[in-house]
Amino acid sequence: MDAIRTVEGEVRELIRRSGLDPARDTTEVRHLVRAALKDYDERSMHGGLPLLADLDAAAKSLWDSVAGYGALQQYFDDPRVEEIWINEPSKVFVARDGVAELTTTLLTHDEVRDLVERMLKTSGRRVDLSSPFVDAVLADGSRLHVVIPDITRDHWYVNVRKFVVKADSLEDLVRLGTLTTQAAAFLDAAVHAGLNILVAGGTQSGKTTMLNCLAAAVPPRERIVTCEEVFELRIPHRDVAAMQCRQPSLEGTGEVPLRRLVKEALRMRPSRIIVGEVRQAESLDLLIALNSGLPGMCTVHANSAREAVTKMCTLPLLAGENVSAKFVVPTVATSIDIVIQVALERDGSRRVREILAVPGRCEGDVVETADIFLRREGALVRADGFPPHIDRFERAGYDVASLLAGLG
């Protein structure tokens, strides 16, 4: 370990002198690492320096330190690791296949700060006393969230949600056991028919993955405009306009919230609008867009599909005192067509627990719903509800009765 630290110091000095950027000049930095290791190995043979036991392992460790994320790089390289979080330097956790575990990795306070600075380097975002929270996207698509004291008690809290591609389509979700073939065929038809879909669930339940797979089913000629807090969606279409929010500057100006993005999206000739997640007043702007005939999708945190509908009735009230439930509730009833509830199970698997229809009617402050699919005894089975807008399915070439009978 002493040998590695010695060579690391030499490599960092060489990188500084040569003006190389490890993130961009990867080939040159790799050659530099190999040359520095070879030089050190030759010098250590003459005594006075600790020997390197394994040159290949040393090269990997050095590369991780100067161009990767140091002690955390092993978790970035592990495809089974979905999330990495640091509660304090001596407590580094990962979620592997959906199950949380405490690792043996030990860091120092300075190493945690150095890692965060390295992660933020390419994003242009910052974290300091004036801005103690930060959201950013790493070069590999992973999502970073950091909170620092005095918001936290003593330590920096770091969360990295890796961009692990396990499913690109509804068929992939069937293969993973998240959906049944019948439910996937119905959702594919609902997307083609232009129904408005709300994906609900808890943290790490697979909402974004589901949204990605639904978006992949959008007909290829449509223009999709996406609005997100930070870029997470990966939509394999030729005509996609993706936008993310912007944090305020040091002077407190220049912030671009999600609500502004939703409004701007309507000026960009969308065939379909997709919002990564609604949390606040932007839900009102999305409802108005969907109510105007523009098909769309979004996600929301909720413990059940019906709770998601209720939440969509309350979030728009945050937009101002002039927004009333008398306006919002019927708007939700006519704007949301399908709600998909996803969940992270105890064994780490993701499952669709229910698919709910919103027929478009309400009574008082209650939006009418109907179950299309329910999970019973561990299996997602057909319930007795039907989706709204049967005519849209027919125009898209689908027979809803056959689809829901498993004959489509």
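Is the crossing of H9 and H10 left-handed or right-handed? The crossing of H9 and H10 is left-handed, where left-handed means that the near helix is turned anticlockwise from the far one by less than a right angle, and right-handed that it is turned clockwise.

## Basis of the model

This is a predicted model, in which local features need pLDDT of at least 70 and side-chain atom pairs count only at pLDDT 80 or more, while totals for chains, interfaces and linings use all residues. Residues are numbered from 1 along each chain as its sequence is written, and side-chain values use heavy atoms, with hydrogens and water left out.

Helices (H or I, at least four residues) and strands (E, at least two) are DSSP runs, numbered from the N terminus.

## Helix H9 against H10

Helix H9 (residues 258-265) packs on H10 at an angle of about 15 degrees, with the axes 8 Å apart. Axes are lines fitted to C-alpha atoms, for helices over the stretch in contact, and angles run from 0 to 180 degrees between N-to-C directions. H9 and H10 are therefore roughly parallel to each other; angles under 35 degrees count as roughly parallel, over 145 as roughly antiparallel, 65 to 115 as roughly perpendicular and the rest as oblique.

On the H9 side, Leu258, Arg259, Val262 and Lys263 meet Glu282, Leu284, Asp285 and Leu286 of H10, contact being heavy atoms within 4.5 Å. This contact holds four nonpolar, no polar and four charged residues. Ala, Val, Leu, Ile, Met, Phe, Trp, Tyr, Cys and Pro count as nonpolar, Asp, Glu, Lys and Arg as charged, and the others, Gly among them, as polar.

## Helix H12 and its two partners

Helix H10 (residues 282-291) and helix H12 (residues 325-335) have axes 9 Å apart and pack at an angle of about 50 degrees. H10 and H12 are therefore oblique to each other, and H10 passes H12 in a left-handed crossing. The contact is made by Leu284, Leu287, Leu290 and Asn291 of H10 with Phe327, Val328, Thr331, Val332, Thr334 and Ser335 of H12. By class, six of these residues are nonpolar, four are polar and none is charged.

Helix H11 (residues 305-314) packs on H12 at about 135 degrees, with the axes 8 Å apart. H11 and H12 are therefore oblique to each other, and their crossing is right-handed. Val309, Met312 and Cys313 of H11 meet Val328, Val329 and Val332 of H12. The contact of H11 with H12 has six nonpolar residues, no polar and no charged.

## The largest pocket

The largest pocket has a volume of about 1,100 Å³. Of the 48 residues in its lining, the closest to the centre are Arg161, Gln204, Gly206, Thr208 and Thr209. A pocket is an open set of points on a 1 Å grid over the protein atoms alone, where a 1.4 Å probe fits, with protein on both sides within 12 Å along at least five of seven lines; lining residues have an atom within 4 Å of a point. Grid points are joined across faces, edges and corners, and the volume is the space filled by probe spheres set on the points.

The elements that each supply at least two lining residues include strand E5 (143-147), strand E6 (157-161), helix H6 (170-176) and helix H8 (207-216). H8 gives the largest share, six residues. By class, the lining has 13 nonpolar, 17 polar and 18 charged residues.

## Backbone details

A cis peptide bond, with omega about 10 degrees, joins Pro149 and Asp150. Asp150 lies in the loop between E5 and E6.

Asp97 is a residue other than glycine with a positive phi, near 55 degrees. Asp97 is placed in the loop between strand E2 (91-96) and strand E3 (99-102).
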